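These are my notebook entries on one protein chain, written while I looked through its model.

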Amino acid sequence: MNNFLIIDAIGGSGARPFPPESGPITINGKHWTANGKPWFWRGATMFLLLERQMDGADITPELDWMVGKGVNVARVFVAGVPWPGHKWLYQRSDWPEQLSAFAGHLAASGIRLEATVCTDQGNDVRRWATGLQAVYDIL
C-alpha cells in the first residue's frame with residue numbers, strides 16, 4: 001500500500017493533527033526520538049517541490065496540505081533530477097540561497113526536510129561528494 005494514500009486518509013480538517021516539528025532527532029537503540037519522545041516519520045514525497053519554488057511557484061498550498069494531513073517530513077530532490085524537462089538545480093547560481101530559503105519555509109511550517117541529493121543511476125557518492133558537502137553546508 002502506498003504511504004501517500006495512508007496519509008491522505010487522515011486529517012483533512014485543515015487543523016494541524018500533530019505539533020510542529022522542531023529540534024534534533026536522535027537515535028536511542030532502535031528508536032528515533034525528538035524532544036525526549038518517540039518520533040515517527042509521517043512523510044510526503046514532494047520530489048520537485050524545490051524546483052517548483054525555484055521556478056517561481058507559490059508552494060504554500062502544498063505546505064498547508066502537508067500540515068493539515070499531519071506530514072512531518074517532506075522528501076525532496078534538492079540537487080535536481082536528470083529527467084527530461086527538468087534541471088540540475090545545483091548548477092543554478094541562486095541554488096544556495098533558494099535551498100536555504102526553502103528549508104526555512106518548511107521549518108516555519110513545522111515540517112522537516114529529507115534532502116535527497118543523489119538522484120541519478122548509480123548514485124556514486126564519490127561523484128556527488130561536492131554536492132553533498134554543499135547541501136550540508138547550506139542546511
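This is a predicted model: local features need pLDDT of at least 70, side-chain atom pairs count only at pLDDT 80 or more; totals for chains, interfaces and linings use all residues.

Residues are numbered from 1 along each chain as its sequence is written, and side-chain values use heavy atoms, with hydrogens and water left out.

Entry 2, the two hairpins. Strand S1 (residues 25-28) pairs with strand S2 (residues 31-34) in the antiparallel sense over four bridges, and Thr26 stands opposite Thr33 of S2. Two residues lie between S1 and S2 in this hairpin, and Gly29 in the turn has a positive phi of about 65 degrees. On the S3 side, two bridges join S2 to strand S3 (residues 37-38), again antiparallel, and Thr33 stands opposite Pro38 there. The S2-S3 hairpin also has two residues between its strands, with Asn35 in the turn at a positive phi of about 55 degrees.

Entry 3, the parallel sheet. I then traced an open sheet of three strands in the order S4-S5-S6, where the pairing is parallel. Strand S4 (43-45) and strand S6 (112-116) are the edges, each with a single partner strand, so one side of each has no neighbour in the sheet. From one strand to the next the twist averages 25 degrees, taken between axes that are lines fitted to C-alpha atoms, with angles running from 0 to 180 degrees between N-to-C directions. S4 and S5 are joined by three bridges, and Ala44 has Ala74 in S5 as its bridge partner.

Which residues have the most contacts inside the largest nonpolar core? They are Leu50 and Met66, in a core of 24 residues; such a core is a set of buried Ala, Val, Leu, Ile, Met, Phe, Trp, Tyr and Cys residues joined through side-chain atoms within 4.5 Å. Helix H2 (49-54), helix H3 (60-69), strand S5 (73-77) and helix H4 (95-108) each supply at least two residues of this core, and the largest share, four residues, comes from H4. Leaving aside neighbours within four places in sequence, Leu50 is in contact (heavy atoms within 4.5 Å) with residues including Val76, Phe77, Leu89, Trp95 and Phe102.

I checked the length: at 1.5 Å a residue, the 14 residues of H4 should span 20 Å, and the end C-alpha atoms are 20 Å apart, which agrees; the expected span is 1.5 Å times one less than the number of residues. Its buried residues are Trp95, Gln98, Leu99, Phe102, Ala103 and Leu106, where buried means under 20% relative accessible area, exposed over 50% and partly exposed in between, with a 1.4 Å probe and protein chains only. Seen down the axis of H4, these buried residues fall within an arc of 135 degrees, so they line one face of the helix; the arc is that of the directions from the helix axis to the C-beta atoms. On the other side of H4, Glu97 and Ala108 are exposed. The cover over the buried residues of H4 includes H2, H3, S5, S6 and helix H5 (129-138). Just after H4, Gly110 takes a positive phi of about 80 degrees.

Not counting residues up to four places away in sequence, Leu132 touches Val117, Cys118 and Val125.

Notes: Two strands pair if DSSP finds at least two bridges between them.
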